Amino acid sequence: MSLFTRSRQLPGTTGGGGDADSGGATGEEVKEEAAEATASAQDADETPAEPLDEPSSADAPGSPRPGWFGWRRRYPRTARGVSVGTSVAAGLLVLLVLLFPNRLDHMNLRSFFRLPVEAIVLAAVLLVLPPKARRIAAVCFGLFLGLFSLLKFMDMGFYQTLARPFDLVFDWIMLGNATDWLRETFGRTGEVLAIIGVIVLMVAVLALCTLAVVRLSNLMSRHRPVAVRTTLVLATVWVTCFMVGVQFGGVTFATKGNTEFLANRVQHVRNGLGDAKVFEKESAVDAFAATPPDQLLNGLRGKDVLFTFIESYGRVAIDDPAMAPEMDATLKQGDATLKSAGFASRSGWLSSPVTGAGSWMAHSTFLSGLWVKNQQRYLNLTSSKRATLTSYFQKTGDWRTVGIVPGVRKSWPEGKYFGLDHIYDSKHLGYKGPYFSWTPVPDQFSLEAFQKLEHGKKDRDPIMAEIILASSHNPWSPIAHTIDWNDLGDGTIFEKIKKEGTNPTEVWKSQERVRTEYRKAIQYSVDSLTQWMQRYGDENTVLVFLGDHQPVPTVTKGSTSRDVPITIVAKDPKVLDRVADWHWTEGLKPADNAPVWGMDKFRDRFMTAFAK
């Protein structure tokens, strides 16, 4: 029997149902309520009063049969049990929607032993509405609860990957990035199956929540006196417990968390809609906009300056006790490798605007000197005239500016905004080997390609390069390892290395295994970079390398830190003398108490240090 339509009354049926329909009621509304009560009684699977072996008008030819194919008449006890069970399940579903949190790390048994005020308000509203309005309201409330559940699910996914909730204004474009990641990690089949699963889940959630509220609305209508008393008692209990502050196991019993959750979301939406104007004002302030080109970056004239991002290289790789011993060994070995070639280094910390993903927002924050915390800011920035660190190098006319971006597989019009004379994406590095999950080109090959295509050329101008090392990109399986630089060739040698690697599906079954593979990926990126510097760097090479953001919470174990390490490497001591007042740590590993700057502060400090 559909929950959205009334049952047809059996002809000839007598008793309470017939009396309710015609027993002296006056007024159109009273008649409608009586008719609905009759229909609701049949929807509640009430059995006829007469014995089953006696004929009734319902058995006459052409008369409707109770239930599907008359099963309710044949199995009255089962029908009654199904009816009660369905009503109980509907109530539990509504409570579950209102009580389950929007973060997996907050999910515990105590969260479900609370009394949500929203359930009481919902019941009160449905009880005071007239029949027609109540049916419409029940459907609307059900759909709203379904959408509310989906928003919580979205939050869970975003907290697991980006350590923040879903942004209703700016994050819709991120869903496209998510499908790209699925395809590149698990193949086209995995992407399609995941999308189908999400669509089925969305439809199921909306349908079940709507059906549950409609069912409960009908139930309260049939048992109105009991429903009114129960609602009043629960309201009294909630107010009393809220005023007294009753808690069980540290959890507040009388909760209004859903109301606060929605109020916060409304405020976030309002802030998001007004964020464009705020960002526009911030973009207009640039301390170097009026500086003549011949007064920019004079302290680096004649130097090759490389700004290199290591994907997901976050503080957790250095501080986490489970990773620290191996990372310490890698960084010490890197220090020794660089010192053997005559290089010195200084390291500090930057705080990234993003975590888990969103590398392009971190890159643009670092280069523009603006806090690019969402996709709308990124789009506004890349369509503006705001100068970046890289475009200031181009503005001087003394550097050839290039980009090594192996993670780019499509057109990248924003590249021109960043002031790059030439961009080498994954298709223009000469790589013929296999992908490593998301990563199109292993880091060691990307660096060797940069050497062959740009850095190794004779009689060239100084180079300013933005280099993105992508091997440490999620899912960190399989990962490459460093080989003899002379054996790199066209990259086909990595076919064998990939076959020897791990399967991402198997790795992601264990959090500790994910963390181990992440650490290995970071070690590979650092090793590739320090070896390249030893092999190809000289007194005119200045390397600035940093992480773009912390990895996903699976690796950070819920840490709220957004710090990433940053290091400057140079052979010319005058370069490091210019940043002596930064008080960074000597070597590749920043000390725990080394300065922490916002990533948006680096551009201006760097340009000030090397202005003259």
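Author: Let us begin with helix length. The expected span of a helix is 1.5 Å times one less than its number of residues. Helices (H or I, at least four residues) and strands (E, at least two) are DSSP runs, numbered from the N terminus. This is a predicted model, in which local features need pLDDT of at least 70, side-chain atom pairs count only at pLDDT 80 or more, and totals for chains, interfaces and linings use all residues. Residues are numbered from 1 along each chain as its sequence is written, and side-chain values use heavy atoms, with hydrogens and water left out.

Reader: What span should the 12 residues of helix α5 have, and how far apart are its end C-alpha atoms?

Author: Helix α5 covers residues 117-128, and at 1.5 Å a residue its 12 residues should span 16 Å; the end C-alpha atoms are 17 Å apart, which agrees. The 32 residues of helix α6 (residues 131-162) should span 46 Å, and the end C-alpha atoms of α6 are 45 Å apart, again in agreement. Just after α6, Ala-163 takes a positive phi of about 60 degrees.

Reader: How many helices and strands does the protein have?

Author: The protein has 22 helices and 13 strands.

Reader: How is burial defined, and what percentage of the residues count as buried?

Author: Buried means under 20% relative accessible area, exposed over 50%, and partly exposed in between (1.4 Å probe, protein chains only). Of the 612 residues of the protein, 48% count as buried. Accessible areas come from the Shrake-Rupley method with a 1.4 Å probe; for residues, only the protein chains shown count as cover. The protein exposes about 29,100 Å², of which carbon and sulfur atoms supply 59%.

Reader: Which residues of α5 are buried?

Author: They are Val-117, Glu-118, Ile-120, Leu-122, Ala-123, Leu-126 and Leu-127. As a general idea, an α-helix has 3.6 residues a turn, so residues three or four places apart point the same way.

Reader: What does Met-220 touch?

Author: Contact means heavy atoms within 4.5 Å. Not counting residues up to four places away in sequence, Met-220 touches Ala-123, Leu-126, Leu-127 and Ala-227. Met-220 has its place in helix α7 (residues 172-222) and counts as buried because its relative accessibility is 16%. Met-220 and Leu-127 are 93 residues apart along the chain, while their C-alpha atoms are separated by 7.2 Å.

Reader: Which residues does Leu-98 touch?

Author: Leu-98 is found in helix α4 (residues 76-99), and at 7% relative accessibility it counts as buried. With residues up to four places away in sequence not counted, Leu-98 touches Pro-116, Glu-118, Ala-119, Leu-145, Lys-152 and Asn-258. Leu-98 and Ser-149 are 51 residues apart in sequence and 8.3 Å apart in space, C-alpha to C-alpha. For the protein, among contacts between residues at least 6 apart in sequence, 76% join residues at least 24 apart.

Reader: At what angle do helix α14 and helix α22 pack?

Author: Axes are lines fitted to C-alpha atoms, for helices over the stretch in contact, and angles run from 0 to 180 degrees between N-to-C directions. Helix α14 (residues 389-396) and helix α22 (residues 602-609) pack at about 35 degrees, with their axes 10 Å apart. Leu-389, Tyr-392 and Phe-393 of α14 meet Phe-602, Arg-603, Phe-606 and Met-607 of α22 in this contact.

Reader: Where are the cis peptide bonds at Pro-475 and Pro-478?

Author: A cis peptide bond joins Asn-474 and Pro-475, with omega of about 20 degrees. The bond from Ser-477 to Pro-478 is cis too, with omega near -10 degrees. Pro-475 lies in the loop between β9 (463-469) and α17 (494-499), and Pro-478 is also found in the loop between β9 and α17.

Reader: Where does Leu-297 lie, and is Leu-297 buried or exposed?

Author: Leu-297 lies in the loop between α9 (257-283) and β5 (304-310). Although Leu-297 is not a glycine, it has a positive phi of about 55 degrees. Leu-297 is buried, since its relative accessible area is 1%.

Reader: How many disulfides are there?

Author: A disulfide is a covalent bond between the sulfur atoms of two cysteines. The criterion is a pair of cysteine sulfur atoms within 2.5 Å, and by this rule the count is zero. Cys-140 is partly exposed, at a relative accessible area of 44%, whereas Cys-209 is buried, at 4%.
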